[in-house]
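Let's take a walk through this structure together, with a look at how its chains meet and what lies inside them.

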Amino acid sequence: MFKNMLKRSWLSSVRKPARSAILIVITFVMANMLLATLAIKNSVDSSMDYAKEKLSGIVYLSADSEKLHEQAMASIGSGEAASISAPAISEELVAGIAESQYLKDYTYSVVASGNASSFTVVTTAQNEREQQFRGAMNDARNQARDQADQYNSARDEFNNESHDMSSGGPMGSGGSGGSAPRTFSFNMDFNFTDPTLTQGDSTIQGINSYEFISEVEAGNMSIVNGESFDESTADGVIISQELANENSLSVGDTITLKTVSDEAEVKLSIVGIYQTTSENFDNNTIYGNVETAKKFMTAEQISNLSVSSVRYYLVSASQKDAFLASVGERYPDLADDGLKLDIDDSSYQTMVGPIENVGSFAVTIMWVVIVAAVVIITLIVAINVKDRRYEMGVLLSLGARRVTILGQIFVELVIVGTLGFLASIGTSQVLASGLGEGLLAQQVASNEADNPNETGGQFGGAGRMMMRGTQARSNVAEIDQIDVSVGAVQYLTLFGAGYLILIMATIVPSINILRYQPKTILTGKE
Amino acid sequence: MSKLIVKNLKHIYSDGQNEVEVLRGVDATFEGGKMYAIVGESGSGKTTLISLIAALDKIQNGDIKLDGKSIRDIGETEFRLKFVSIVFQAFNLIRYMTARENVEVELDLAGHAAGRERAYELLKQVGISQTKADRLVQKLSGGEQQRVAIARAMAGDKPIVVADEPTGNLDENTEAKILALFKAMADDGKIVIIVTHSQKVARHAHAIVRRMRDGKLT
């Protein structure tokens, strides 16, 4: 019986070539579209996974600027003076979080300032401006200090006079009115310990390893002579090639700087010379480890030290949530303290933006194709089944079971569908590559048109390192190439989804006929 | 010999608004080795009766039993598959198949092996040559198509053969040959029931004539 069902299916397919050809063409076109969209979606997913693995493996600890902004706005709302002060990120906190089992490494940096002693700094347009700024700030500071001294003297004098009045001066204790003498007392004082107002001519950035310097991570910096440093490199630093050339310095030489606070001399050994391709880079920046940078700070500055550019490198990007949860358990007040741990989502979005759009478009096409396939094939089968209701009635009258008749219609579709699917194997790769590349190129062009000046800016002064960190985060190229390949998974999905569509297309119209008695079908009264 | 008993068979057609009682309690007995001709005017209920005998429709009231077993108990599909062959006025052949392939469908459904040779043999018995047997049925004449339908009915080798106006579209000469084939099947021990509106056909068939009138068989 089954053999005869197959035979009837085969005969029906080959004896009705026009109908079979139409179905083959339809399934061929739809299989191509389905394979292409599946392959594009797969390629997009792979690229996004790659981007996620590459970028989302880094978790940043930083001040929660949104929260700080909200606090400032709340202060304004309550009539208080608006003030925003970034919360400190202590080394203890950074090291405590770094104990997490989900991390493979971490980094942070501290920025200190010193004055060149045994060498001269490189003059650049930028550090000239900075020097001018520092000079102006120092002048302002000195001026303010003088005024404060004058003010404090005046205060002391005034207080002394008040004291004299209260102890029986010219007015006397039993003066007119008998009221108590008025007493004025001032306790205000001024100090100038803000480190940003005491900048030297050289920046010493302390970081636990050369590889974590943001310029290095961004691919803009390399060692051209000597070697890099790490946590164990005592007093060893790397300097810029420009600074080395200006002072005829080389690897192995010792340079001397003075601290800003007390002009104490600090001797540093040059272990390497770096070169950077970044524009407007301050070539007076000296890189060493954190302990080296701390030598330029006062004890008070060290005890109140707030580190920057804190980055944690996860063992696996998939452990992001587990890591964040474990930190939340250990440091439940982190958010209340105005700090946050977050993933570099902007870089991820920059990198995957165009390709993600392609993926979304591919998914849309895929569903349109699937729905269209179901509708078109179901309609064709419905017309075919209606034409063949007479044959169905005959077979039923001969004693054929409904399921075998249903099977016959399905096998017929499987025959033509398989031919269409198989034919698409030869063409889908070309279509998928062309479609994928075309869509991506369109998205990249559209992205560029929408954001023509999307380049990282340069910032100097106190915020420099933080902004460089931010720049490094977004310094990723968008994915503008896609390797679309149709593989076994796509073919299996096509055949699986394709046959499922054929089953659905068979069942609905066939059941509509086969639910009737043979006589009803044969007399056309269904 | 098989015996088919129709007992108090009633059937009503309904179009949702009107109901027409087509069969009003039909009682009849049909025996193997005999050929029956049910005659009657159009709309008398004869086609409905053989549709129920051939299990092409569900029995509403009454019963039909073959050798004591009710169609209801056997099941309509099983009954059609194993106990009854049908020949229609419109032949009801599968158009995209050859004559031989049409016969093979029945042979396969009946579970006969060596279908191809048996099909040729059956077609030869009804006067269809091998050359014509390999032609698509739509390219055969009406008489030839009816012969193919009879060959298909013979292929099942079932105890009951029913035919609804089997010669309605055929000329007299062909009609006689077709009726002879039915007679041969009856002689072979089968219950053969032919429905016709023509008394002449009934006479030519040398069949036991039963008249259908107002939904009853006399």
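Helices here are DSSP runs of H or I with at least four residues, strands are runs of E with at least two, and both are numbered from the N terminus. By that count, chain B holds 9 helices and 10 strands. This is a predicted model, in which local features need pLDDT of at least 70 and side-chain atom pairs count only at pLDDT 80 or more, while totals for chains, interfaces and linings use all residues. Residues are numbered from 1 along each chain as its sequence is written, and chains are lettered from A and ligands numbered from 1 in the order in which they are written.

Staying with chain B, 51% of its 218 residues are buried (buried: 20 or more other C-beta atoms within 10 Å of the residue's own, with C-beta atoms placed from the backbone; exposed: 12 or fewer; partly exposed: in between). Two residues are in contact if their C-beta atoms, placed from the backbone, lie within 7 Å. Of the contacts in chain B between residues at least 6 apart in sequence, 70% join residues at least 24 apart.

Let's finish with α12(A), which is mostly covered, with 8 of its 9 residues buried. Among them are M392(A), V394(A), L395(A) and L396(A). Just after this helix, G399(A) adopts a positive phi of about 105 degrees.
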